[in-house]
Each structure stands twice: as structure tokens, then as C-alpha cells.
Amino acid sequence: MSTWMELYPSLSTDNRFANMLGQPGSTPLDLFKFYVEDLKARFHDEKKIIKDILKDRSFGVEVNTTFEDFAHVISFDKRAATLDAGNIKLTFNSLLEKAEARDREREKEETRKLRRKEAAFKSMLRQAAPPLEPCTTWDEVRERFVSDVAFEQITLESERIRLFREFVQVLESECQHFHAKAKKHAKKPKKRHRKRSASGSESGSDHGHRPPKHKKRNHSESGGSGVSSSPDSEHSARRPKRQKKKSKKKRHKSSGWDTSESEELSEGELERRRRTLLQQLGDQQ
């Protein structure tokens with residue numbers, strides 16, 4: 001569909017375009033829009049006429065069809081005299097897009113069919129009896145599959161060789177994976193045995209080189225050693241006893257009692273002295 005920006009350079013140079021600028025009413029742009037709306041309304045009807053012409057002439061639009069070939073076929077029909085050139089171009093573009101979509105879908109379908117054929121060919125190789133080995137070559141086993149349907153579906157010999165090589169690579173990887181697993185399973189018990197032997201040797205070494213336990217000292221020895229090792233503590237323990245004796249002597253002297261003489265005096269003398277002491281105390285008060 002043409003736009004105003006595309007047509008303006010060519011329309012602006014025309015004298016009729018310049019004459020319309022000074023007149024009242026619709027502008028050249030308005031007239032262009034009205035014309036485009038009219039073409040859109042006519043497009044569906046004219047597209048149907050174009051399809052009928054192509055059907056009558058058995059002409060189909062494909063991906064490689066050019067617009068010149070398309071217009072040449074349309075121009076030979078009398079019904080094309082009333083058709084708009086813009087609608088003819090739009091119809092061609094629409095039919096060309098449909099042809100491209102069909103071509104893409106056709107390619108997808110061919111790819112799916114080819115994949116199914118390749119899968120059937122590889123399945124034929126896998127189900128071979130006796131089974132194929134990674135060292136097998138295509139020339140050695142080719143005659144075994146000639147009569148198979150999957151073999152006939154792959155028409156190119158180069159494709160058969162390619163699929164066979166891919167299958168052999170898969171076999172090699174499967175064999176390597178299987179051998180790797182077998183080695184792992186074979187190594188595991190050895191590792192356990194080593195661990196056990198290592199733990200046994202460690203335990204044996206512990207029993208053989210275990211340091212002798214020190215006997216606990218007797219309570220009496222510890223007590224004796226404590227006393228002998230701390231003479232200061234013994235001296236400090238004797239101090240309070242001496243202080244107690246001194247305090248007792250001071251008390252006896254302050255009270256006027258003499259313990260050495262009291263033992264030699266009789267009970268009567270002691271009673272007399274006690275009374276005199278009480279009397280002295282009463283006088284002092």
C-alpha cells in the first residue's frame with residue numbers, strides 16, 4: 001500500500017497540485033486518504049476476481065514467482081480492466097506470503113520424515129543379529145541389511161555410511177562407560193580393605209606404643225608433700241596459737257589473777273580474794 005510520503009515528491013511537482021492549494025475545501029492529503037479508503041473497500045472484491053482469473057488459467061503463485069509473470073497472466077483477462085493496480089500488487093504479496101509459508105511447512109515435514117528414516121536405520125543396526133561391534137566396518141556388514149526396508153529408505157550411500165559411523169561412535173562410548181563402571185566396582189572393595197588394614201595398623205600401633213599410665217599418688221603422700229613443700233603455711237598456722245596464748249596471759253594480768261599462785265592457794269583464800277575483788281569493783285563504780 002502506497003503512503004503519502006512516497007507519492008508527495010512526484011505529486012508536488014504537478015500543476016494541478018499547486019492549483020488546489022489556493023482553493024477552499026478538501027486538501028490534496030484529504031483526497032489521497034479518501035482514495036485509499038475506497039481502495040481498501042474494493043480490495044476484497046478485486047482479490048476474489050484475481051483468484052478466479054488465476055484458477056481459470058491454472059496459474060499458481062510460488063516462492064520463485066515474479067510480479068511481472070503474475071501481472072502478465074492477469075492482463076490477458078477482460079475482467080482485469082476494472083482492477084486497480086495497487087490491489088493487484090497487494091494480492092500478489094498476499095499470495096506470495098502464503099507460498100513462502102507453505103514452503104517452510106514443507107521443509108519442516110521433510111525434515112521430520114528424514115529423521116524418522118534415520119531413526120529406523122539406526123534401529124536396524126542396533127537390532128542386528130549377531131550384534132555389531134565397535135571395530136566392525138560398513139563394508140563387512142552392508143550385505144546383511146540390503147533387503148531391509150530401513151536400508152532402502154536411505155537412498156544415498158554417503159548418508160548410510162554417515163549413520164553407520166554415528167552408530168559405531170555410540171557403541172564405543174557405551175563400551176567405555178561400561179568398562180569405567182566395572183573398574184570402579186572392582187576398585188571399591190580394595191579401598192575398603194586398605195581402609196580396614198590401615199585402621200588395624202593404627203590400632204595396633206596405639207596398643208604397642210601406648211604410654212604407661214602414671215599411678216595416682218596416695219592421699220597421705222600428697223598431704224605429706226604438701227606440708228613439706230610449704231613451710232610458710234605451717235608457720236602461719238602456728239601464729240594464731242601463739243596469739244591466743246598471749247591474749248589469755250594479758251587477760252589474766254589485767255584481772256589481777258595469777259594462775260601459778262592460784263593453784264597453790266587454798267579454796268578459802270581464793271574465796272576471800274574474790275570477795276575483796278568484788279568489793280573493789282563496787283567501790284570503783
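Is W4 buried or exposed? Select W4 in this predicted model: its relative accessibility is 18%, so the residue counts as buried, the cut-off for that class being under 20%.

**First stop: W4 and its partners**

The structure holds 9 aromatic pairs. One of these is formed by W4 and F32, whose rings adopt a tilted arrangement, with 5.5 Å from centre to centre and 55° between the planes. Colour helix 1 (residues 4-11) and helix 3 (residues 28-56): W4 belongs to the former and F32 to the latter, so this contact ties together parts that are 28 residues apart in sequence.

**Second stop: F121 and W138**

Move to F121 and W138, another tilted aromatic pair, with 6.1 Å between the ring centres and 50° between the planes. F121 lies in helix 5 (residues 85-126), whereas W138 lies in helix 6 (residues 138-141); the pair therefore ties together parts that are 17 residues apart in sequence. Both F121 and W138 are buried.

Select K89 together with F67. The charged end of K89 sits over the ring of F67, at 4.4 Å from the ring centre. Finally, select R160 and F151, where the charged end of R160 is placed over the F151 ring, 3.9 Å from its centre.

Technical notes
Residues are numbered from 1 along each chain as its sequence is written. This is a predicted model: local features need pLDDT of at least 70, side-chain atom pairs count only at pLDDT 80 or more; totals for chains, interfaces and linings use all residues. Side-chain values use heavy atoms; hydrogens and water are left out. Rings of Phe, Tyr and Trp (its six-membered ring) pair if their centres lie within 6.5 Å; planes under 30 degrees apart count as stacked, over 60 as edge-to-face and the rest as tilted. Helices (H or I, at least four residues) and strands (E, at least two) are DSSP runs, numbered from the N terminus. Buried means under 20% relative accessible area, exposed over 50%, partly exposed in between (1.4 Å probe, protein chains only). A charge sits over a ring if NZ of Lys or CZ of Arg is within 6 Å of the ring centre and within 35 degrees of the ring normal.
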